[in-house]
Amino acid sequence: YGFINTCLKSLVVEKYGEETWEKLRLQAGVQDSFLTFEVYKDEITMQLVDKACKILGVPADMVLREFGEYFFEFCKRSGYDHMLRTLGGNLYEFIENLDALHSYLALSYQAILFFFVFPQEMNAPSFRVEKNEDGSMHLHYYSDRRGLCHIVPGIIGAAALDFFNIEISMEIVNQTEEEERTGKKEHIVFLVTQNPVFSYKERNEVSSSSQYLADSEKQVENQLNKEDLEKAKNTFRERGSSVCPVKKSHWKTIRGIITLGKGKLLRGFDPVYPKSLWIDTKTFCNGLPFHMVFDKELRVKQAGVSIQKIVPGLQTMGICLDHYFSIVHPEVPFTISSIQKFINSQFVFQTRREMMPESWKQRPMLELRGQMIWMESLQCMLYLCSPLLRTLHELEERQMHIADIAPHDVTRDLILLNQQRLAEMELSNQLERKKEELRILSKHLEEEKKKTEALLYAMLPQHVANQLKEGKRVEAGEFKECTILFSDVVTFTNICAQCEPIQIVLMLNSMYLRFDRLTTVHDVYKVETIGDAYMVVGGVPVPVPTHAERVANFALGMIIAAKGVQNPVSGNPIQIRVGIHTGPVLAGVVGEKMPRYCLFGDTVNIASRMESHGVPSKIHLSSSAYQCLKYKNFEMTERGEIEVKGKGKMHTYFLVRNKTATENEIMGRP
C-alpha cells in the first residue's frame, strides 16, 4: 500500500534531505508521492530500497533495519499509537498479537478497496513466537516478500524500547523455505534476547536504597505467611515468564507482589469451575451460533445453528471438516498438528464452493474468523468464530441477516459501524486525492510561473519587472556613465530585396541567437533589436565600473559569431558594423502595452552614429570609449577625424583585440 512507500519517502526526506529523495525516486523511476490506500507493486518498494543502498552507500540490512525503526515511529505518528500499545502487556504478548492486528488492517483496507476501488487482499507477513526456558524467545517470521526480514529487528526493537523499556538483540538462527505452511514463503527464525533499560535516576535510586531493601527484606519475610508467600511467588513467576523475563533477585520478587502503601499480599487468581457444565447442548448451539468442535481426524462433533444453516452439510455429524472448508489464514495444511502449531493465530475458514447447494453456488463464499482452543480432556479442537463480513452489502450478497449473528457478537455492531466508517474513509480518500491533485497543479503552476518570469526578465530588467508585477510605478533613472553598442548587417537592404522573407527571418534568428548567448557570457543588457539593428548597454540597469570592458569583449565576440551566419544571397558569411560610445543616459520604462526599458540621451545618438559611420567587420569606437579602454589590455588603432552627421568632426578609433583573452574566453567556450 501507499502507506509503506510514503513512510520510506518521509524517512529519506527527514534524514537525508529533499534532494536525496528526488535523486532516489528518479533513479528508481517512481512518482513523487503515494496515496495511503492505493495499491502499488512490490517492485516499487524494492527498487526504492535498492537505489537507497547505492546512493547512501550502506548495506541493505542496515537500510532495512533503519526503515523498520522509522516505520514504527511513522505508524505511531499516523494514529496507530494506542492500537499498538494495547496489543499486549509485554513483548511476548505484543508479538503474539501482531497477526491479529494485521488481520484487522486487512479487513479495513480490503473493505475500503472493495467498496471504492477493487477487491485486493492485504498480503501481510505473519509472526509466531515461542518461549524458551532461559527467558529468550524464538520469533518465526513468514513472508511472501523475500529479502525484507531485516525490517523486523528494527520494528520489534523500537517497540520493545518504547512500550516496555527493554533493549533486545535479534539474530537470525535459521532461514529456510517454508515447509510448515502452504505456498512458498520465506521462513526466518530470530533468537530474541533482552535486557532491562534503567534510566540514570533509576540506577541511583536502586544503589542508594540497597541497604534499606536488605533490612526490609528480612522484616517483610517474617510478616508473611510462608505458604502464602510461596504461592504468590509461584503465581508471579508464571505471569512474569510470559515477558521473556529477566532474572530477578529474591527481594525484587517479593517487592513485586506487595501492594505499595498497603502491605497486602497480591494472591494469584484461581478460577472456580462448576462440577458439571450448567448449560444444555441446545442452548450452547443457539447461544454460540458460529462454532464447531472437531477431533484429530477433523470429524465434526458439534456445530452452531447459524453455521449449520449456511453449510447444511454440517448437520450430518461425523463429516470431515476439510471437505467443507479451506484454511485461508494462516496458510497451513488442514491438519490438527498444523493448527496446534499456530493455535495462537486467528484462523480464517472459507466455505468450499463445490460442497454448497446448487442454488448457493453463485453467491460469494462465506469466510469465518475466530480462535482455536484445544480441549485436552476430549482430544478435540473448539473453533469459536464469527462471520468475516465488512459491509451490509457483503451480508446481503450471502443472503444473510443481522439476526443470524448472536446479539452478544460485536460483529453486528462492526458491520453497522463500518458503513459510517467507509463513508468517512471515502471522504478522506477523496481529500487525499484532491490534495495530491492540488500539489501537482501547484507544481505545474510554479513551473509555468518560472517560464513566465524568464520571458518577462528577457524583456525587462528583473528589478523593473518585479516592480511592475507589484503594481508600482517605475521611476526613470539617470546613469552618469555607461557604454552603448549598436550593430547592423552590411548591405541588409540589398539582401532583403533578393531573398524570400523566411530566409531573412532565419538569417536574423541565427545571428541573434548567437548574440543573445554572448550577452549572458559578458553580462551586458540587451536593450532592443529593430530589423537588423542590435543594441546593448553595459552599466545599465545595474551600474558597474567595468561596463566598457564588458561591451568591448561582447563586440569582439559579435565579429567572431557573425562569421558563422550565412548570407542567403552570396552564401558567404555576413558582415556587420559595430559602433560603441561611452557617456551618460536616462533610462526608464515607456508604455503600458508591451512596455519597454528604453535609454534616452545624446549618448544613444552618438553610439548609433559610430555604427552607421563604421566599417564592415570593424568595431568603431568614440574617443570617450577609447579613453575607458586605453589602459585595459585592449589593442586599438586610430582612425582619425571623420565627419559625423549632426555632430561635425569627431576623432574615432577601431578596436582590434583583447590582448589577454583567448577566442574561447571571448566566446564563452569551455
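Which residues does Thr391 touch, not counting residues up to four places away in sequence? That was my opening entry, and I looked it up in what is a predicted model.

**Thr391**

I found Thr391 touching Ile415, Asn418, Gln419 and Leu422, with residues up to four places away in sequence left out. I then checked where Thr391 sits: the loop between β10 (380-387) and α16 (392-397). Its relative accessibility is 3%, so I put Thr391 down as buried.

**The whole chain**

Next I stepped back to the protein chain. I noted 24 helices and 18 strands. Of the 670 residues in the chain, 43% are buried. I also looked at contacts between residues at least 6 apart in sequence, and 61% of those join residues at least 24 apart.

**Helices α2 and α3**

I turned to helix packing. Two packed helices are described by the angle between their axes and the distance between the axes. For α2 (residues 18-28) and α3 (residues 42-56), I wrote down an angle of about 125° and axes 9 Å apart. That angle makes α2 oblique to α3. Their crossing is right-handed. On the α2 side I listed Thr20, Trp21, Lys23, Leu24, Arg25, Gln27 and Ala28, and on the α3 side Gln47, Leu48, Lys51, Ala52, Ile55 and Leu56. By type, the residues in this contact split into 7 nonpolar, 3 polar and 3 charged.

I stayed in α3 for a moment to look at Met46, which lies in that helix. With 35% relative accessibility, Met46 counts as partly exposed. I compared Met46 with Ala28: they are 18 residues apart in sequence, and their C-alpha atoms are 9.2 Å apart in space. Not counting residues up to four places away in sequence, Met46 touches Arg146 and Leu148.

**Helices α4 and α7**

The crossing of α4 and α7 is right-handed. From α4, the contact includes Leu64, Phe67, Phe71, Phe72 and Leu84, and from α7 it includes Ile151, Pro153, Ile155 and Phe163. Charged residues take part too, among them Arg65, Glu69, Glu73, Lys76 and Asp81 of α4, and Asp162 of α7.

**Cysteines**

How many disulfides are there? I got a count of 0 disulfides. Cys7 is in none, as the nearest cysteine sulfur, in Cys75, is 6.7 Å away. I noted Cys7 as buried, with a relative accessible area of 0%.

For a disulfide, the two sulfur atoms would have to be within 2.5 Å. Cys499 is buried as well, with a relative accessible area of 12%.

I looked up two prolines next. The peptide bond from His329 to Pro330 is cis, with omega near -10°. Pro330 sits in the loop between β7 (325-329) and α15. The bond from Val540 to Pro541 is also cis, with omega near 0°. I placed Pro541 in the loop between β13 (533-538) and α21 (547-562).

Pro330 came up again when I checked Ser345. Apart from neighbours within four places in sequence, Ser345 is in contact with Asp99, Pro330 and Gly370. I found Ser345 in the loop between α15 (336-341) and β8 (347-351). Is Ser345 buried or exposed? Ser345 is buried, at a relative accessible area of 7%.

**Positive phi**

Asp523 has phi near 55°. I traced Asp523 to the loop between α20 (501-522) and β12 (525-530). At 52% relative accessibility, Asp523 counts as exposed.

For Asn633, phi is near 65°. Asn633 lies in the loop between α23 (623-629) and β17 (634-644). I noted Asn633 as partly exposed, at 45% relative accessibility.

How values were computed
Residues are numbered from 1 along each chain as its sequence is written. This is a predicted model: local features need pLDDT of at least 70, side-chain atom pairs count only at pLDDT 80 or more; totals for chains, interfaces and linings use all residues. Side-chain values use heavy atoms; hydrogens and water are left out. Buried means under 20% relative accessible area, exposed over 50%, partly exposed in between (1.4 Å probe, protein chains only). Axes are lines fitted to C-alpha atoms, for helices over the stretch in contact, and angles run from 0 to 180 degrees between N-to-C directions. Helices (H or I, at least four residues) and strands (E, at least two) are DSSP runs, numbered from the N terminus. Angles under 35 degrees count as roughly parallel, over 145 as roughly antiparallel, 65 to 115 as roughly perpendicular and the rest as oblique. A crossing is left-handed if the near helix is turned anticlockwise from the far one by less than a right angle, and right-handed if clockwise. Contact means heavy atoms within 4.5 Å.
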